[in-house]
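Colleague: Before we discuss any details, could we look at the sequence and the model together?

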Amino acid sequence: MTQPSLPELLHAAVTAVGGTERPGQVAMAEAVAEAIDDGAHLLVQAGTGTGKSLGYLVPALAHGERVVVATATLALQRQLVERDLPRTVEALHPLLRRRPEFAMLKGRSNYLCLHRLHEGVPQDEEEGLFDQFEAAAPTSKLGQDLLRLRDWSDETETGDRDDLTPGVSDRAWSQVSVSSRECLGATKCAYGAECFAEAARERAKLAEVIVTNHALLAIDAIEGAPVLPQHEVLIVDEAHELVSRVTGVATGELTPGQVNRAVRRAAKLVNEKAADQLQTAAEGFERLMELALPGRLEEIPEDLGYALMALRDACRTVISAIGSTRDKSVQDEDAVRKQALASVESVHDVAERITNGSEWDVVWYERHEPRGGAAYRHSGASLRVAPMSVSGLLREKLFTDRSVVLTSATLKLGGDFNGVGASLGLGPEGDDLPQWKGVDVGSPFDYPRQGILYVAKHLARPARDGDRKDMLDELTELIQAAGGRTLGLFSSMRAAQLAAEELRSRIPEYPILLQGEETLGELIKNFAADPRTCLFGTLSLWQGVDVPGPSCQLVVMDKIPFPRPDDPLMSARQKAVEEAGGNGFMAVAATHAALLMAQGAGRLVRASGDRGVVAVLDPRLATARYGSYLKASMPDFWYTTDRNQVRKSLAAIDAAAKQTEAAATE
């Protein structure tokens, strides 16, 4: 029997999910199939509305080898596992004559730990374990969350935190979950046979398609202990997020609070001499952190170097001492020891990494906002270390043994794929190994007819932390012309708060929702429900909002989102590019801004009937030399700097939407 063709398979899958085939989706499926067949690497830019999940799932399932799909957001993981994969597998079954299995796999701390739930949490202050259900008053929010978790543990099949709705606080979840370092291991644990995390791993071993997240993919690449089963094809969706997720996983942190926790946990399990050595080292580190000023440490100061060596050596002593003592007075000693070891090892590893001092690492102090009084000392400062670049790591770990497909609506910055390729460890297209190619399959939307890009060229250039009264005046008039319907994307939380406060008093007839005042899901739901409402916020809104229709017809960016000049990691990366003879500003700051602006502008047109304006309230987009690079990274909207034209267009779009709304209610 002949194999069904790719167009036949795609047609069956698209019909099953109730979609319509798009030329871009067909082009994408063909490019993915070719890359998988050749064992090659592909970067594919697919605009919103292309139907990219089917564009990669169909060729991957048709190929028949094991595939891992890694995404950045929970929403997309759910969509794949609950909607796209079940329907696609069903639709392809008669044609492929097999029904591929699929499974979701996340890091261990995302699953409920039955040992923690039933045996309690190793306690820092008292001996042994404490029953968190006894300790939390049932009337408190924590107590109620824990009781809900206990009931849920009897009915859940997955133990996956994301299947619990409504969710619980991080504090409650930490009482019933463990990190991979704290886990006793299935063979040593009384609950090993029923363990949710182990069951998820077993399902993944049997599945042909494994859906995971960027963080687990990064852990799999960095830690050297494989978490994901062997696979022949890796598909990275939302690939524009990968570098920052991998950087996050590869970043180490030390805080006085974390070091003191390690001291308390280890004290009961080792001899007095080892415990004292760690206590003294922790006190020395804490004294230094009280004086820490934020910023990059190009060289490790001598006193910090000594403090870190003392910590590292004390941790080593404790680690070997914990290994050789048994204490009959400690209940469930294995869990207590494992948690103490995990705490001490993580302090040791970061102290050793900074002490060893790699030229590829960036080290800095960070100060967090004081939360009042004595808490300032502990929550105040942290010492952080991150890789200068993850491109070498990705090149070595990601692109060697399998075919990799990376896809997103924004991979072409400034008109080509080379910038994103370089950040992933790929040389210029067609250059040395690993071989890769970039394909832009376009968008089903008619951007020049559906959207306007407006730059408020007449405004003053934004100064750092300067008063932007002219920007707020402009924003007020734009919102009034649009009849609300505005998503405000701000470069800092402070700017978003100031704008929300000011506009709530100026135009109270347009409700303004502010990120942080509710959960993100709740905010987006309320924003979509009422066309007059506006939603203001920062980073996660630039990439996470999907509100088609008349509720979002104006997307405003207060200024070009360059990284802060005092961001230690970004400025270190910029400096490194300059020292190598490149243009640091374009390679780091402009690329960062281009990616966010492309994502932010992508919030406007989410469906073929959407119309609207992206307004950038920063004249530099029209006047600076890098402006054309940033514009080339955004959708191809009709472009203007004419403020009267834009107000007329917004008023017309608002009137048309009101007419449609009125017709719908009649």
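Colleague: Where is the place of Gly224?

Modeller: This is a predicted model, in which local features need pLDDT of at least 70 and side-chain atom pairs count only at pLDDT 80 or more, while totals for chains, interfaces and linings use all residues. Residues are numbered from 1 along each chain as its sequence is written, and side-chain values use heavy atoms, with hydrogens and water left out. Helices (H or I, at least four residues) and strands (E, at least two) are DSSP runs, numbered from the N terminus. On that basis, Gly224 is placed in the loop between H10 and E7.

Colleague: What covers the buried residues of H10?

Modeller: Helix H10 spans residues 214-223, and its buried residues are His214, Leu216, Leu217, Ala218, Asp220 and Ala221. Contact here means heavy atoms within 4.5 Å. The cover includes strand E2 (67-71), strand E6 (209-213), strand E7 (233-236), helix H11 (242-249) and helix H17 (391-398).

Colleague: Which helix lies across E9, E10 and E11?

Modeller: These strands belong to an open sheet of four, in the order E8-E11-E10-E9 with antiparallel pairing. Helix H13 (residues 272-290) packs on the sheet, touching E8, E10 (361-367) and E11, and its direction makes about 95° with that of E11. The helix across E9, E10 and E11 comprises residues 568-579 and runs at about 150° to E10: it is H24.

Colleague: How do the residues of the contact of H20 with H28 divide?

Modeller: H20 (residues 469-482) and H28 (residues 643-665) pack at an angle of about 35°, with axes 7 Å apart. From H20, Glu474, Glu477, Leu478, Ala481 and Ala482 meet Arg643, Val646, Arg647, Leu650, Ala651 and Asp654 in H28. With Ala, Val, Leu, Ile, Met, Phe, Trp, Tyr, Cys and Pro counted as nonpolar, Asp, Glu, Lys and Arg as charged, and the others, Gly among them, as polar, the contact divides into six nonpolar, no polar and five charged.

Colleague: What is the volume of the largest cavity, and which residues are closest to its centre?

Modeller: A cavity is a set of points, on a 1 Å grid over the protein atoms alone, where a 1.4 Å probe fits but cannot get out, and lining residues have an atom within 4 Å of a point. Grid points are joined across faces, edges and corners, and a volume is the space filled by probe spheres set on the points. Three cavities of 30 Å³ or more are counted, the largest with a volume of about 260 Å³. Of its 24 lining residues, the closest to the centre are Cys113, His115, Val178, Cys183 and Cys189.

Colleague: What is omega of the cis peptide bond that joins Thr165 and Pro166?

Modeller: Pro166 lies in the loop between H7 (141-155) and H8 (170-174). Most peptide bonds are trans. The bond between Thr165 and Pro166 is cis, with omega of about -10°.

Colleague: What is the relative accessible area of Arg485?

Modeller: Arg485 lies in the loop between H20 and strand E15 (486-489), and its phi is near 50°, a positive value in a residue other than glycine. Arg485 is buried, with a relative accessible area of 2%.

Methods: Axes are lines fitted to C-alpha atoms, for helices over the stretch in contact, and angles run from 0 to 180 degrees between N-to-C directions. Buried means under 20% relative accessible area, exposed over 50%, partly exposed in between (1.4 Å probe, protein chains only). On a 1 Å grid over the protein atoms alone, a cavity is a set of points where a 1.4 Å probe fits but cannot get out, and a pocket is an open set with protein on both sides within 12 Å along at least five of seven lines; lining residues have an atom within 4 Å of a point. Two strands pair if DSSP finds at least two bridges between them.
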